[in-house]
Each structure stands twice: as structure tokens, then as C-alpha cells.
Amino acid sequence: MKRIRNKGLRFLKSILSLLIFINSTQTYSQKNFNKILWYTQPAKEWSEALPLGNGHLGAMIYGDPINEHIQLNENTLYSGDPDKTFTNINIREKLPEINKLFEEGKYLEAQALVKTNWLGRNHQLYQPMSDLWIEMIHKNEKYQNYKRSLDLNTAISEVEYQIDNTTYTRSYFANYSQNLIVIKIKKSGKEKINCELKLSTLHTQNAKITSKANRLSISSKVPGFGLRRSFEQVENVGDQHKYPEIFDSTGSRIPGKKNLLYNEEIDSLGMAFETRIMVKTESGDIVFEDDKIKISNSNEVIIYLKAATSYRGFDVSPKDDGQTPTKILNEEFKEISTRTYSDFLNAHIQDYQSLFKRVDINLAKETSQSKLPTDQRIELFNNALDPSFPELYFNFGRYLMISGSRPGGQPLNLQGLWNDQLVPVWNGAYTININAQMNYWPAEITNLSECQEPFFKAIKELAINGEKTAKNLYGNQGWVAHHNMDIWRHTEPIDICTCSFWPMAAGWLTSHFWEKYLFTGDKDFLKNETYPLLKGATLFYKDWLIEDKKGYLLTPVGHSPEHNFKFENNKLASYSPGPTMDMAIIKETFSRYLEASKTLNINDSLTEEIHSKLPKLLPYQIGKYGQLQEWSEDFEDGDIQHRHFSHLYAFYPSNQINIRDNPELTSAAEKVMERRGDGASGWSMGWKVNVWARLNDGNHAMILLKNLFRPIKNQKEHMAGGGTYPNLFCAHPPFQIDGNFGATAGIAEMLLQSHAGEIHLLPALPDEWKTGKVKGLKARGGFTVDMEWENGKVVKASILSTLGGTVKIRTNEKLKGQIYTDETSILKNELFEFVEAGNPIIKNKSMLKTIQPKDSFVFSIDTKKGEIIELKN
């Protein structure tokens, strides 16, 4: 009976999707519906608007035909000042007492000491900049044939609608080379373009609007101090002394103080900004009034938008030593004033496509449902009639990376580049216990390596402050970073939350440098960029370790990010010695430090010390449920289905545990995933996709993708039940962009893996993607991979060696191959065949379930730079 009901439900869903398609008010003339987002109505909510960006400026396009709203960001625009922090923390002073409490099993008492003595103050807030409003003036405001879109192939957004017999089209793009947003309004028909342009900002204190020549600008300052916490939260934990901006020396509130302090309220601190537009028209009249521009009887209107802030560096006060936005924009508008719309458009497309077109992906055939508007595709995805939809999500993820993170800009924060809130959720800053790192998981494998440059620059800045924090707070060598950072790169623990004390971020952040080295083989990058950071993290960790009663080295005070354990009659605590994630990051850091030292011919007292310490680190342990233990003791989970599963760091994103070399630990990792379940916040489901891909279980990874694509309609904050907003932004909820990037990386991991010393083609292909192809994915060792598959099996692959060297290739079927010297297809050698690979030696077979490796075939071969390996079945 249950089976019949399920079949009936699927049938009804199929009929529903067909009816929606037939009755859809609009179809779209598009060759590839997995490279476009499109809708038949304007955005009513921010999470329905479409994002544009150039790695500096961000815009959210609502697309209203009559009253267009374009919400704007500039990615240096943060509240605060680099000199305002709280460093009155002495870790070593209370450490012996805390260690003793741990030995006595008094975890809550130890936790109270940490929270009272080791936490700082909250970090600063990413700010919205301004808003551009375009009021279209029509004789008749009843429009029809409406559509709005974002073309991922060109990074151009469009709004089109018809009134009477005239069609109006607005086009938008964000040019990277000139740091410019361009909007073009055109019409087809007898009516003319009549509109008014206005600028506004939420930062109304001292905001100034100027209309001059053919330009309109708005300038203001963001808060010199911002606090996400309520005053009651601060008072409840006795933190008033950390906020002299708000509380006096007695801990009482200073009258008139607020969470956001502007200008004279905060000694004139705060970052200044200016947003400016320049207008050009084809015919018609332009009238400049005090706060707007009026355009009438025009055939075409082009708007050029630029912005600048007083930010001049992470360690420079924007008040005292900042740049002058007006001066910057005067020079920049001089530079662009003589150039044409076509100049900017062509440069934009060429620049964007030089990155986006490196990868092309086809996961399944498009269906009639694939041709529906994007919001309807999200609503219907789980009816299994649109198997290629993850392809659109993947393409959108790469689009967001290109649009949000480019050399010269700031790294992607929790909201990427896009934020409309004065007090954004979690400050709109950088949570560096996974979220900031997850933003960059797709960078190397999806062939966008240079998009990591802002992240690398930020980490190097962080290490400068982190060296001071390591010395002053810990008395340690090296550098340290904790749970959060903002544009001022503060490295102290923040406030209130137990998760704030987590001195492990340096190793994880440095791992991104190591991964770039693995993918590119750039030894200069290893020597000059990676090694100094790796050495600094190593120095801090080796000074932080203590020896336990069994002779193992472990961290004295640790926290498995944001998760509690149960002890002593279900009491909940966060801190304990040597949680698994701490040890995984340290093992990885030590191992890579030694490998880098060997590569660079460095052998000194530090390498000898790390050689001796590495084998003494607390090993991974398997707990009573067959799970990889999360803590050094086999505690019960505070929440079995918690969104974080940080103890699997060694499995993903690290490469310390893999399915063939470490089958028992892999099985223990799988047990963790089974216990965590398939629900979670949106970003956590993106993370889970990658873990199930590494477990070589594509069908389970697909379950997580389906859960991630669950439609979410509002931005209400809660910590579970994640999904996808109508504009494809990931819903935690609320919006967190790391879920987009986690899932993008996960889709790539389902198709290609190279973390275990070999290139594995189609390691986790789900049943829904039986036939497809991909071009341009990257593998470690400097290899570029193209492949095609049919009925779940590789039929053709081409692997370009950009560096040379030996490569081991694994496939799930027996292939034949040849090597060509270059793309001229000059044959180098005779045909070679793959051989069947043996399965790993398994000591405890009862532990293994779905992770039992499938039959596979391998071949190892030497290559030279520029050679191409061609594989066929």
C-alpha cells in the first residue's frame, strides 16, 4: 500500500509540473537553461533579487519595471577602526588552574574560567553602502511579457517588459577592470524613455547628496563603532568593561549611546564612502536637481556607477590616515568619461569569460521542467524530473566566486559581497572555524585559482596581528587566530560564546596555501608565501601542546567548533583537552611543514623538534558506536545531529584519512555521518555533500543536494532546516554564501578526486547523472581533466599535464590510453591498458559497510609538461 501511495504521489507531482510548464506565463529563448537564472516577476524580497559583482562592488537587482531598486555594497566598507580592540587577556595565568579542573572532570568550572578570563569583545560589522533607484515614468503602468534574468555565461542581468506596443529593456553588468557597474536602458517601439534617478543610504547621519554636471553622488560615513550584541547580553556576562564606548567605568550605560555610533558620537571615527553615477543619453533632455536626475524623451540611457571608501589598509585608521573617496572618484571618472558603453561591455565579457569558460559541465539532459523559471525549478526539483538542475547550481557557484572575489579586493565573507543590513547576521564578517574556508573550497578544483588572492592577502595580514596575539596573550612563538576576523584582522578571541576561544584557525587557513601549491606546483609560492605561514602556525602549535598521562601530546584546552559534549548525568560542556579537530589540524600542519622543509632543503632545530613531536600526537580514536571520536574522551554528543562535524576534518577537507589507505577510520567517519543525519543548516548540507563524495557514495551525496535545494521563502534566522532561496542563495537560514560554495565543490568532488595521490575519475557518480561530460576541472599535480561518460562509465577522457611528473589514474572501468606530445596529437607511445586494482587490507571487516571500495582499475605513467593522456573504453 505504501509503495502504491508513493507511486501515486510521484505521478501527481509529474502532472503538477507539466501543468505549471503549460500554464507558465513565459517561456524563454535560451540554448542552455543551466546557465541562466530567470523569473516572470520582480523581486519582492532581498533573497529574490539577483546579485552582480566585480570583486569590489556588489549590486542586488530587484527588477521592478516601474520603481527599480539596486542595493549596493563595497567590500571594504566596515564599521570600526583597527585600534579599537580588547587585549587584556592572559592565557597562561589561568591555564594551570583550568588543566587541574579538567583532570578532576570539572568541565563546567573550567569553562567558566575560560569565558570569564579568555574572551574579548565582538568584532565589527560589514555595512551596506547605498541604493540606486530608477523610477520609470510611463503613461500607463500596466506591463506585460515581463521577465528578468541573470546570464551566467556573460554575467549580464536583464529586465524586460512591455507597455502597450513598446518593449523596455534594462541591462546590468559589473566591470572588473574599471571597478564599474553599468546599466543600460533601451526601448523598442514608439514611446520614449522617461525616468528619474535617485541615490539613498541607510547611513543618513551627515549624508550628502550632490548633483553636478551629468553626475549624481551620495556620501556619508558608516559607524565608527558597531555592536551586534544587545546591551543586556553584554551586561548579563559582565562585559561592560570591554566596551568603553557604551559603558562607563562603573559598568553603567552612558546616556544616549546606541549599538551603532556615528561621527561625533564616537570621536569622529568611521569609514567614509561615496557612490557616484554618471549619465549619458541618446537624445532627450536631462535635468539635474538637488537630489535627482530627470531624463525625458530619450531613446537610450546609460548609467555608470562607481564608489570609493576611505579604507587604506587593515592597520590604518580610515579617519586619520584614510583615502579621500571624492578625490579617487574624480580621477576615475575622468578616465572613463571618453570611453563607450561597448568598450566596457566587451572588456567585461572578455574578462569574465576568461575565467568562467575554463569549465563546462553537463550532468544530465535538460527536460521540459528545466525550461521553467528558476524559482519554479527549485520548487519542483525533488520530483526527479529535472536531474540537470545541480548543473545550474554549480555554474552559479562559480559565477559567485568570480563576481565576489577578485585580485585587489576583499575575500568573500559570510554574505560574500552582498548585504543590506546595518547589523547583519553574525556581523557579515569572517567565521574562520569553517565558513570562510568553505567559501574557497571550489577555487582550485573548478579552475578559479586566482580568485583566492584576496583570501591569501587577508590571511597574511591576519598573521601579522596573530604574531602579536600569540606573544602577548599566550607567550607563544608563531601566530594564532581564533574563531572570527573582520577587515581589521583582529586575532583575539571574541566575546560571550564558548566557540569564541578556538586558537586553531591558523593551520586551517594555511592549508589553502598548501592546496594551491599542490594544484599548481609553484615552488616560489611554496617558499615565499606558504612556508612562512606554515612555519608560524607550527611554532604556535608546538608551544601550545602539553603531554598527557599516556605520553601523548595534545592541546590543553580545546573546543570542537560550536558543539557540546555530555558528561556526568547529561551535563553539557564545550572545552576539554585534545578534541579531534585540534589534533587533525596540528597533524596536518606538522606533516606539511616537514614536507615543505624537505622540498626547500631546510633542516634545522625546528624541523628536528617537529620530527620528534609528530609521532607523539594523540592518535585518532574509534568510539563505542564505531564512530570517529570527536573528543579525546568518548563523550556522548550534545546534539547527535549537530550542524558541525569538525572531527571529520582529517577526512575532508584534509587528506589524512582516505577510503583506501585508512579503511577502518573511513568506516568510523561514515558512522559519524550516519549519526549526524541528512538534515542541517544549508551550509552544513553543502559540507556533507563533500564528505559523502569522499566516501564514494554519489547517491547519498545526491540526497544532500536534494535537501539543500529545498525552497526557502524568508530570511528568518534559525539554525536548522536549510535550503535555497529563489535567487539560488544558500539559506542557513538566513543567507550564508558558504553553502553555495560548499555544494559547488561537492559536485566537483563527485566527478573528480585527487587528494589521495591519484586522479580518480567519477568516484561518486549518482544514478541521476548516468550520462554527461565535464571540461576543465583541475587535479593536484597540475593536471587538467576533461571527460565524458555514458551509463555511469567513462567513455572518453583527456588529461593535460601542465607540469610533468608521474600520475596514477583510477577509473571504475577498464580503459585504454595513449599519450600525445601536445594538442597537435603527435603520438608519443603505444596503447596502454589499465590493470585491476587490489582492494585495501581490512583488519576489521565487520566495521565496513557502504565504504567497501568498488572494483577499480589503475595505471601509472610518467608525463612531461604539455603532454596529454587520452583515455577511451
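1. Two strands count as paired if DSSP finds at least two bridges between them. In this predicted model, strand 12 (residues 215-221) and strand 15 (residues 272-282) are joined by seven bridges and run antiparallel.

2. Ten bridges connect strand 15 to strand 18 (residues 300-309), and the two run antiparallel. Here Val-279 stands opposite Ile-303 in strand 18. As background, the strands of a sheet pair through backbone hydrogen bonds, in either a parallel or an antiparallel way.

3. Before going further, check the confidence. The chain has a mean pLDDT of 93, and 93% of its residues reach 70 or more. Over residues 1-26, however, the pLDDT is below 50, and this stretch has 20 contacts in the model beyond near neighbours in sequence. Residues 839-852 also have a pLDDT below 50, with 31 contacts beyond near neighbours in sequence. Where pLDDT is low, the predicted coordinates should not be read in detail.

4. Another sheet is open and has three strands, in the order 26-25-28, with antiparallel pairing. Which strands form its edges? They are strand 26 (571-573) and strand 28 (636-637), each of which pairs on one side only. Strand 25 (residues 565-567) is joined to strand 28 by two bridges. Phe-565 has Asp-637 as its bridge partner in strand 28. Helix 3 (residues 107-117) packs on this sheet and touches strand 25 and strand 26. The direction of helix 3 makes about 35 degrees with that of strand 26.

5. Helix 14 covers residues 580-599, which is 20 residues. From its first C-alpha to its last it reaches 28 Å, close to the 28 Å expected at 1.5 Å a residue. Is helix 14 largely enclosed or largely open, and why? Of its 20 residues, 16 are buried, so helix 14 is largely enclosed by the rest of the structure. Just after helix 14, Asn-601 takes a positive phi of about 60 degrees.

6. How many of the residues of helix 19 are buried? The count is 14 of the 14, so helix 19 is largely enclosed by the rest of the structure.

7. How many disulfides does a search of the whole structure find? The search finds zero. Cys-730 gives one case to follow: its sulfur is 19 Å from the closest cysteine sulfur, which belongs to Cys-499. A disulfide needs two cysteine sulfur atoms within 2.5 Å, so 19 Å is too far for a bond. Cys-730 counts as buried, at 0% relative accessibility. Cys-195 is buried as well, with a relative accessible area of 1%.

8. The last point concerns Ile-36, which lies in strand 1 (residues 36-39). Is Ile-36 buried or exposed? Buried means under 20% relative accessible area; Ile-36 has 3%, so it is buried. Ile-36 and Asp-543 are 507 residues apart along the chain, and their C-alpha atoms are separated by 52 Å.

Definitions and conventions: Residues numbered from 1 in each chain as written. Predicted model: local features only at pLDDT ≥ 70, side-chain atom pairs only at ≥ 80, totals over all residues. Heavy atoms only, no water. Buried < 20%, exposed > 50% of the residue type's maximum accessible area, 1.4 Å probe, protein only. Helix = DSSP H or I, 4+ residues; strand = E, 2+ residues; numbered from the N terminus. pLDDT = per-residue confidence, 0-100. Contact = heavy atoms within 4.5 Å. Expected span 1.5 Å × (residues − 1). Axes fitted to C-alpha atoms, helices over the stretch in contact; angles between N-to-C directions.
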